Each structure stands twice: as structure tokens, then as C-alpha cells.
Amino acid sequence: MTKTATAVSNSAPVYLKIDRLTKKFGSFTALNEVSLEVYDGEFICFLGPSGCGKTTFLRAIAGLDIQTSGRVFQDGADISALPPAERDFGIVFQSYALFPNLTAWKNIAFGLENQKLDRAKIRARVAELLDLVGLPEQGDKYPAQLSGGQQQRIALARALATSPGLLLLDEPLSALDAKVRGHLRHEMKLLQRRLGVTTVMVTHDQEEALTMADRIVVMNHGVIEQVGTPTDIYREPDTLFVADFIGAMNQVEATVAGDRVRVGESSFVPHRHELADGARVVAAIRPEDIVPLGVEGENAGDDEAENRLAVEIRDMEFLGSFWRVSLHGATLGDAHLLADMSINAVRQLDIEIGSTIEVEMPADRLRVFPSAAKP
């Protein structure tokens, strides 16, 4: 079956087009007829669990692993059979892959020297790139003398040195500690916007994809599950896999009952769906979408709230800016829910373990997916 990513509305031309790409390793299919369009200047992330095919996808684009079938077009040209050296891209790896015996300056200059450019032009370009990545004084240092974050900046500068039309990033920040990673991803995104270079990044880090990408490609078992903006992927997941993989998600076994879904002895109005009456489904809602009623200034006096439910607080976990609260409703059967509640809500409602409060699960946030369980 062909899995095609439908392009979102965008005024920019298509720069990279992947057509029915398949990659097999013996009897194992790593990519299964994947199609995708990437716009000129776009920052797109391949996101998914280990073994989903995202790195194979990137390597096929680069020509490092030639596809079994399908075609790759870059700026209108068919590059499907070209070796890596003849493709117009720069690449940054997780391991940096800097030459340890060359200074940072020489690492950046390497590709330019191979192009036989004038020495004055090389010096000017390297100085420009060192300044661009915020390391103008580090050119004479060897990789071992640089921090991990500095090495990654040099690797990025080297990838950009020849002004490639396409920048490929293979988990570029995963080897860094959390604080450096957060800082560098912001800088990389600003740099990408400034340069306008079309960028494809592979990551397994949800936060990285959500904060850096213009669009996210969620992959699973060699196919694309969904393509969309970070907001679309998070708020409007197409499948239970996407809903479960991106962020925290409550999942409760339920049954379709007309225009409602039944959970235990309770029934709720869900987001629109096309599943048959009586179908076994999974009702899903994010913890932050479960709303405690009666918080002053937020929802006080909302007597018409849909999907109201009395729940008991079974456990509470303090996570700094909010509380994650475990809820149990007497009419929910064995189902338990997690809700993320603001410090303000917990204080105003005097919430503690053993308290009973009323919450709402807004219909537009309560989504329904086919159940994986056999009938």
C-alpha cells in the first residue's frame, strides 16, 4: 500500500520530492513506498521510535543507502541514482564526525579546498561561518579541545560551507546534555530561518521536533503515519499511534453508543468520528485537556459543561509548573485518568489525595480511535 504525505498549503515551490520510496534489507522492509514533498526553505523533522525507518529515509535521500525502488527529486532533478558526492547536500551526524587531526578552521575549509577555491575566498568563507555559529575565536582549536556543543557547531558550519541546497541532520543534538541541547536547537532554528536552507532532520526527541520543525513526519514500521505542523500533530492526531507517541495521552477502552462513547457506566460526547455504533474503541484525551470545574476566573459557574464527571483524587505528583493528578471515577469501571492541573487550580480547589472534585472532558478534545483489541 502506498503511503503518501499530502502537502500542506504553502506558497514555496517543492524542493525535495520523494516518490514511492522503498528500501529492503533482505526480507526486511525498512521503507514501504513512502512519498513526501518538502518545500523550498522548509525545516521538516522525521520523528518516530527506533527502527521506524526514519534514518534509512534520510540516508536514502543522501544516497548513502540507495533505495530498492522509488525516486528522489531535488530541485526538479532526478537524483535517485547519483552517488553522495554528486548530490547537493550538507550533512551533520550525531557523532559530529569531525576530523580529529584538523583544527576547527581546517574542518570547515575541507569541502571548500576540495572544490579548489581561491585561498582568499576560503579564508573569508571560513571566517564568515565561524562568526555565523558564534565561534569566531575557536578556529585554531582541535576537536578534542572543544566542548560537545562547540563541536556540533563546527560540524554545522562545515556542512554549510559549500552553500548546499539541502541540509540533512541525523539526530544532531542527541549526544549533548539537556541544557546545551535546548540552547543549541533554538540557535539552529534561528540560523536555518536566516539562511533559508531546506532542512531535513531525523530525531526521536518529541520536544526537539515540536520546537524546531515547520512540519513533522511521524513514521512507524517503514511508513508515514501523519504529516503536519507541530500543532496539528499534537492537537489533531490521525491515529492512536501518533496520539500515543507525541506527548502524554490518557487511553481508555470504550464502546461507541450512538453519538456518544460509553466507558463503564458513564457516556461522553467525543470529537467527531466515523466509527460504527457498537464498535470497540479507545477514547483518548491529553492530561492538560481535563478541566477541573469551579476555578475562579477560568470556568466558575459553567453549569452547561459537557462530559462532566465526579472524580476522586488518588495520587498527586508535583512537576514544578503544574501538578499531575491521578483520577478515579466511580462510574468509569477500572479506568483511571491523569490530569495536569495548574498550581492555581490545586490551591483554589484545595485539592489533595482523597478529595472529590468535578471535572470536564471537552468534547472537541476527547478523541476516539479504533481499538487494537480483537472483538
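Predicted model: local features only at pLDDT ≥ 70, side-chain atom pairs only at ≥ 80, totals over all residues.
Local features need pLDDT of at least 70 and side-chain atom pairs count only at pLDDT 80 or more, while totals for chains, interfaces and linings use all residues. Residues are numbered from 1 along each chain as its sequence is written, and side-chain values use heavy atoms, with hydrogens and water left out.

**View 1. An open sheet of 5 strands.** The order is β14-β13-β12-β15-β21, with antiparallel pairing (strands are DSSP runs of E, at least two residues, numbered from the N terminus; two of them pair if DSSP finds at least two bridges between them). At the edges sit β14 (266-268) and β21 (367-370), each pairing on one side only. Inside the sheet, β12 (residues 250-257) and β15 (residues 280-285) share 6 bridges, and Ala254 has Val281 in β15 as its bridge partner.

**View 2. Helix α4, mostly covered.** Of its 13 residues, 11 are buried (under 20% relative accessible area, 1.4 Å probe, protein chains only). Among them are Gly149, Ile154 and Leu160. Helices here are DSSP runs of H or I, at least four residues.

**View 3. Phe241 with Phe245, a stacked aromatic pair.** Their rings are 5.7 Å centre to centre, with 10° between the planes (rings of Phe, Tyr and Trp, using its six-membered ring, pair if their centres lie within 6.5 Å, and planes under 30 degrees apart count as stacked). Because they are 4 residues apart in helix α8 (residues 240-245), about one helical turn separates them.

**View 4. Arg286 over the face of Tyr234.** The distance from the ring centre is 3.9 Å (a charge sits over a ring if NZ of Lys or CZ of Arg is within 6 Å of the ring centre and within 35 degrees of the ring normal).

How values were computed:
Buried < 20%, exposed > 50% of the residue type's maximum accessible area, 1.4 Å probe, protein only. Phe/Tyr/Trp six-rings, centres within 6.5 Å; stacked < 30°, edge-to-face > 60°.
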